[in-house]
Amino acid sequence: MDHFARALEATGIHPQQHVSDILEALTGFMYRGTAHLRYKLGSLTWGPAVQFAKDMAQTTFASLQVGTFLLVDQVSAEVFLYGVSCGAGPDKLGNLVPCLRRPSESKDERRATDLPGAKLVVKDDAFWLRLVLFTDMGFAESYMLGEFECDDLTSFFQLFILNREQLNNGTTLFSGLYSHVAGLARLANTLDNARLNVVRHYDISNDMFAAFLSPDMMYSCPIWKHSTNSRIEQEESLERAQMRKIDYFIEAARIKRTDHVLEFGTGWGTMAIEAVRQTGCRITTVTFSQEQKTFAEEKIRAAGFSDKIVVYLLDYRMLPDPEVPYDKIISCEMIEAVGEKFLATFFSRIDKLLKKDGGIAVFQCITMPEGRHKGYSKREDFINRYIFPGGYLPSVTQLINHITTESNGTLIVEKIKNIGPHYVKALRLWRKAFMDKFDSVISPALMVEHPSLTEKDVEVFKRKWEYYFTYSEAGFLTKTLGDVIITVGREGTLELMEGIPL
């Protein structure tokens, strides 16, 4: 047996297995190999290479036209100021003079029209090489490893987004080539990979998620009450905003007592429980997370709805066809875990499971803008590498096309509601709660489940999640990301006309 065959067999795949299994193994090799290459090259601190990378980065930063960026290099004891200073500048302590935000506002009270200002402190020369060689991924990994600090990551990301064209969209010749190779190595969400990908995110610890989520345990975009009075907005709790979103789902799907509803993505059971509480319907809900299933079933029993809600631990592709199709189907931010290659499969299952006469479905999904979708689909980014492995954000057009094609035109779009801007405050609140409770709740829970972790490992974990919250917040703050709720119904579904004067 040659070296190639032995390598395959070491992964549990025999050389005679199906070609698709071998290709999947090769993709896995590429996926791990690109990560190893990025780590090794990014860790180099050879003087000439560092200086070359530093010069390249500073030339790029000099093109900033919107906002202010203060860069402090502690290693070389240098301070640089880029962008539009508006009279701001480094004082004797190297601090950014706050001229870009009204004095009455804190960095936790943002406006979409604020000019961003950020300060970054470089603590390790490895930062420069990671940044130039791997741009956004290198920046993320450098932060997780503590090679730099930033007083306001959200503002930094906002600064980058607003200057995207001047910064060449955050790519260099090497990073562009690397991203293309890494994109080819992204693991598809086959049945086995889908299970592993969900486990890597959701099966960490219910205690960890409970520490930063609101009491309802909803881990998706809420709908805040619109108001021009910021004090009124601040008085509304995240839990109330999440309940408003659930109310929207129940109303949009026209859920009634006689309905049998299918939910893709159980979460921690709140959506199903609230739908039954309000309408008396029956719900079948599926999840791929054992932690979520256990938590949800306990919550359902406590609510007294065990006879109304059934939770299955399985993939949407494995859900058996019922003798009687479901009246309604709902899915709240689960489609992102399906993956690009399986979007058609997902919506084909929707068509198969939803009743042909009068069926209604409501989906909530984070989306990528049409103009950026093609480039995004070909590359690896921080979120699908470290937070949601196998995750994929479709465009709205892509979703609509799949809904139409896989249903042979029998599912008609009734309404599309973009609630993306509502995510900004939710992410900010989650981050604050996560950081406030990390030492007292999250870190101990993490050590119970993973006792072999070192203190450094725990710190990297903490910084990874902090980066995730701020990275996402900036995406929604600048409308670089969307979050849509799409309501569809079978042709001729008169139930969707309820309440309309005729």
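## Helix 16 and its buried side

Which residues are buried in helix 16? In this predicted model, the buried ones are Gln-398, Leu-399, Ile-400, His-402 and Ile-403. A helix has 3.6 residues a turn, so positions three or four places apart point the same way.

What do these buried residues pack against? Their partners are helix 13, strand 9 (360–367), helix 14 (370–377), strand 10 (411–418) and strand 11 (482–490). Just past the end of helix 16, Asn-408 takes a positive phi of about 55°.

## How helix 13 meets helix 16

Let's take one of those partners, helix 13. The axes of helix 13 (residues 343–353) and helix 16 (residues 396–406) come within 9 Å, crossing at roughly 50°. Because of that angle, helix 13 counts as oblique to helix 16. As for handedness, helix 13 passes helix 16 in a right-handed crossing.

On the helix 13 side, the contact is made by Leu-343, Ala-344, Phe-347, Ser-348 and Asp-351. Helix 16 brings Gln-398, Leu-399, His-402, Ile-403 and Glu-406. Sort the residues of this contact by type and you get five nonpolar, three polar and two charged.

## The largest nonpolar core

The largest nonpolar core has 128 residues. Phe-139, Phe-212, Phe-264, Phe-346 and Trp-465 are the ones with the most contacts inside it. Helix 4 (residues 126–144) supplies the largest share of this core, with twelve residues.

Phe-212 is a handy place to look around. Setting aside its neighbours within four places in sequence, Phe-212 is in contact with Tyr-219, Trp-430, Ala-433, Phe-434, Trp-465 and Phe-469. Trp-465, then, turns up both as a contact of Phe-212 and in the list of residues with the most contacts inside the core.

Most residues other than glycine have a negative phi. Ala-77 is not a glycine, yet has a positive phi of about 60°. You'll find Ala-77 in the loop between strand 1 (68–73) and strand 2 (78–83). Is Ala-77 buried or exposed? At 69% relative accessibility, Ala-77 counts as exposed.

Thr-135 is another non-glycine with a positive phi, here about 40°. Thr-135 has 8% relative accessibility, so Thr-135 counts as buried.

Technical notes: Residues are numbered from 1 along each chain as its sequence is written. This is a predicted model: local features need pLDDT of at least 70, side-chain atom pairs count only at pLDDT 80 or more; totals for chains, interfaces and linings use all residues. Side-chain values use heavy atoms; hydrogens and water are left out. Axes are lines fitted to C-alpha atoms, for helices over the stretch in contact, and angles run from 0 to 180 degrees between N-to-C directions. Helices (H or I, at least four residues) and strands (E, at least two) are DSSP runs, numbered from the N terminus. Angles under 35 degrees count as roughly parallel, over 145 as roughly antiparallel, 65 to 115 as roughly perpendicular and the rest as oblique. A crossing is left-handed if the near helix is turned anticlockwise from the far one by less than a right angle, and right-handed if clockwise. Contact means heavy atoms within 4.5 Å. Ala, Val, Leu, Ile, Met, Phe, Trp, Tyr, Cys and Pro count as nonpolar, Asp, Glu, Lys and Arg as charged, and the others, Gly among them, as polar. A nonpolar core is a set of buried Ala, Val, Leu, Ile, Met, Phe, Trp, Tyr and Cys residues joined through side-chain atoms within 4.5 Å. Buried means under 20% relative accessible area, exposed over 50%, partly exposed in between (1.4 Å probe, protein chains only).
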